[in-house]
Amino acid sequence: MAIRRLKGLGLATSLVLLGGLGACASVDTPAVAQVAAPAADDALLAERMKAHVTFLADDALEGRDTGSRGYELAALYVESHYRSLGLTPAGNAERTSWRQPVNFAEMSLTDGKLRWTGPDGEAHDWSQGDGVALFPSVTVGEVALDTGFVFVGYGLDVPSAGIDDYAGLDVRGKVVLAMYGMPEGLPSELAAHMESAKATTAFEHGAVGYIMVHSADTRNIPWSALMGYFGEPQTRWADAEGRAHTDAPGIQVEGFLSQQVTRQMFAAAEQDLNAIQNAAAQGTSPKGFAIPGPASVQLTTEARYFESPNVVAILPGSDPSVADEVVVVMAHLDHVGVSDDENAPDRISNGAMDNASGVATLIEVARALSVSEERPRRSVMFLAVTGEELGLLGSSRFAADPTVPIQNIVGVVNLDMPILTYDFVDVVAFGADHSTLGAIVAAATGEVGVATVPDYQPEENFFVRSDHYEFVKAGVPSVFLATGPGGEGREAIATFLADNYHQVSDEPDLPFNWQAAARFARVNTSIARAIADGQAPPMWYEGDEFGDLFDPDGPRAPRP
C-alpha cells in the first residue's frame with residue numbers, strides 16, 4: 001500500500017514528504033446473510049490465512065516485485081486457488097484465462113533541455129538538473145517543442161467550487177506553469193484528486209506541457225531532493241503497441257522549475273514570485289499571466305518493457321435478473337521486491353502485511369462464497385492486481401479495459417494492508433460517505449459483531465490512494481476496507497507504519513493475530529454478500545463530488 005508516498009498522485013503529493021466520514025445509517029439496507037462461524041471453523045480459517053500469508057511472504061517470492069519471478073509464483077498461487085474453488089476464469093472476455101496480461105513501460109530520460117528567450121532577446125538554456133527537473137516523456141525517442149510559457153496559478157478548473165484558473169488565458173500549444181498545492185476551502189479528498197489531475201486539466205485546455213513551480217511550502221526543499229525524485233525511471237502501463245498510458249495524452253513535457261529560474265521568468269512578466277507565493281500562503285489565489293518570450297523543450301526518452309498479469313476470477317450470480325451485475329473484491333498482489341543494497345543483511349521486502357494479508361483475505365472470501373449453499377444473487381469478481389506499488393497501474397489497466405463491461409460493475413471493495421497484529425473491534429471503510437456502500441458495509445460488519453467507524457485520519461486522503469480509486473474514476477462506487485482504531489488499533493497501526501511498512505521486517509514473523517485475520521475474512525465475506533444480494537446496487541449520494549465528476553448521469557440516492 002502507498003501510505004507515505006501517494007502512489008498515482010504524482011510528484012506534488014510526494015513533495016510534502018520531502019519537505020469526515022459520516023455515520024453510515026439512515027438509508028434502507030439489504031438483509032445480510034449471517035456468516036458468523038463456529039469456533040472450530042474459525043480456527044481452520046485462521047490456519048488458512050496463516051498459510052496464505054506465510055507462502056506469499058516467503059523469501060522464495062523475493063518481495064513479489066511487479067514483473068519478477070517471485071510475482072509470477074504469487075500469481076500462480078492465486079490462480080491455483082481460484083481453480084480449486086471452481087471459479088470461472090475472468091482474465092479475458094472469453095473466460096478462457098485467469099490472467100489479464102499487463103504491459104509495462106519503464107521510461108527513462110536520457111537528455112532534457114529547456115531554452116527560453118526573454119523580452120531583452122537574451123537566450124537562457126537549462127539542462128536536466130540545472131534549474132529544471134523533467135520527467136521522461138510518454139513518447140519514446142526525441143520530443144522537440146517550440147512553445148511558450150503561461151503561468152496558470154494553481155492550474156485548477158473546478159466549476160463546482162467556482163474555480164477557473166484558466167479564465168482569460170490562452171494556453172493552446174503552450175507549457176503551463178502551475179503552483180504546487182491547492183487553495184484553502186476544497187474538501188480534502190477532492191483537493192487530493194484535483195492535485196493529481198492538474199496535467200489532465202492542462203491537456204483539456206490545449207496545453208502541451210505542465211511544469212510545477214514552488215509554493216511557499218516547498219521553496220526551501222533542497223534541489224538535490226527534487227532531482228532524487230526526478231532521477232528515477234517512471235513506469236506506466238502500455239498498450240499492445242508499446243504506447244505508454246497517460247490521462248493527459250497531449251502533454252509531452254512535465255517537470256519542475258527551480259525557484260531561481262521561476263523568479264527570472266516572472267520578473268520578465270513584471271511579477272514578483274515571492275510576493276505571489278506569500279499571498280497564496282495567506283489565502284489569496286494567484287492569478288495567471290503569460291511569460292513573454294519564446295521557449296523550446298527537447299527530451300529524449302528510452303523505455304524498457306516488461307509484463308505482469310492481473311489474476312482474475314468470477315463467481316457467476318444465482319439470480320438471472322441481476323447476474324450480469326458484478327461486485328468486485330480486489331487486493332494488490334505485488335510488493336516492492338529486493339533492495340539494491342548488496343551489503344544489507346536482509347534485502348527482501350516480503351510484504352506480509354502489505355499486501356499478502358489482503359490477498360489472503362481475497363482468497364478466503366472467494367472460498368466462503370463459492371462453497372456456500374446459496375450463491376450470491378449478483379456475480380462476484382475476485383481481482384488480484386499487479387503494479388500497485390508502481391502507481392496503481394494494474395488496477396488502472398483493468399479499469400481502462402475490464403473483462404466485463406464497466407457499466408456492469410456496481411461496486412468495489414478493496415483490501416489493502418489490513419493491520420492484523422491486534423484483536424480489532426472495528427473497521428474503517430474509506431469512501432463510505434460518498435455512496436450507499438457506507439450503509440451496506442455498516443450493516444454487514446454489524447452482522448459479524450464488528451463496528452464500522454469514521455475515518456480518523458481524514459487528512460491522509462486514503463480514499464484516493466489505493467487501487468479502488470481507479471474504479472472510482474470510472475464512475476463505480478467503491479470502498480477501501482482497513483482494520484480500525486478501536487481498542488489497541490491506533491497503537492498497532494502506528495507501530496506497523498513506523499517500524500515495518502515497506503521494510504524488510506514486514507515478514508510473517510510479525511506478531512500476527514490469526515484469529516483477527518479470520519475475523520477480517522468473515523467481515524469482508526459479509527460485505528461482499530451484502531452488496532451482491534442487495535435489492536438495489538450501490539449508488540452515489542446526491543451532490544457527491546466524486547459521483548458528479550465521474551458518473552454525472554448515474555442514479556443517485558438521497559444523502560442520509
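Which backbone oxygen lies 2.7 Å from a polar atom of the side chain of Thr403? Keep that in mind while you get set up. You're looking at a predicted model, where local features need pLDDT of at least 70, side-chain atom pairs count only at pLDDT 80 or more, and totals for chains, interfaces and linings use all residues. Residues are numbered from 1 along each chain as its sequence is written, and side-chain values use heavy atoms, with hydrogens and water left out.

**Stop one: Thr403**

Select Thr403, in the loop between helix H10 (393–400) and strand S17 (409–415). Helices (H or I, at least four residues) and strands (E, at least two) are DSSP runs, numbered from the N terminus. Now show Ala90: its backbone oxygen is the one 2.7 Å from the Thr403 side chain's polar atom. Thr403 is buried, with a relative accessible area of 9%; buried means under 20% relative accessible area, using a 1.4 Å probe and protein chains only. Leaving aside residues up to four places away in sequence, Thr403 also touches others, including Gly91, Asn92, Arg95 and Met381. Contact here means heavy atoms within 4.5 Å.

**Stop two: Phe382 and the cores**

Next, pick Phe382. Along with Tyr82, Leu87, Leu333 and Leu481, Phe382 touches the most other members of the largest nonpolar core, which has 74 residues. Such a core is a set of buried Ala, Val, Leu, Ile, Met, Phe, Trp, Tyr and Cys residues joined through side-chain atoms within 4.5 Å. Color helix H14 (residues 514–533) too, as H14 gives the most to this core, with 12 residues. Back at Phe382, its contacts beyond four places in sequence include Tyr82, Leu87, Val311 and Leu369. Apart from this core lies another, of 38 residues, among them Leu145, Ile211, Val261 and Ala269.

**Stop three: H7 and H8**

Show helix H7 (residues 259–268) and helix H8 (residues 273–281), which pack at an angle of about 105 degrees with their axes 9 Å apart. Axes are lines fitted to C-alpha atoms over the stretch in contact, and angles run from 0 to 180 degrees between N-to-C directions. That makes H7 roughly perpendicular to H8, a label for angles of 65 to 115 degrees. Select Gln259, Thr262, Arg263 and Phe266 in H7, and you'll find them meeting Leu273, Asn274, Ile276 and Gln277 in H8.

**Last stop: Gly153**

Finally, go to Gly153, in the loop between strand S5 (141–151) and strand S6 (157–158). Is Gly153 buried or exposed? Buried, with a relative accessible area of 0%.

Technical notes
Buried means under 20% relative accessible area, exposed over 50%, partly exposed in between (1.4 Å probe, protein chains only). Angles under 35 degrees count as roughly parallel, over 145 as roughly antiparallel, 65 to 115 as roughly perpendicular and the rest as oblique. A polar contact is a pair of N or O atoms within 3.5 Å; within protein, one must be able to donate a hydrogen and the other to accept it, and residues adjacent in sequence count only if both atoms are side-chain atoms.
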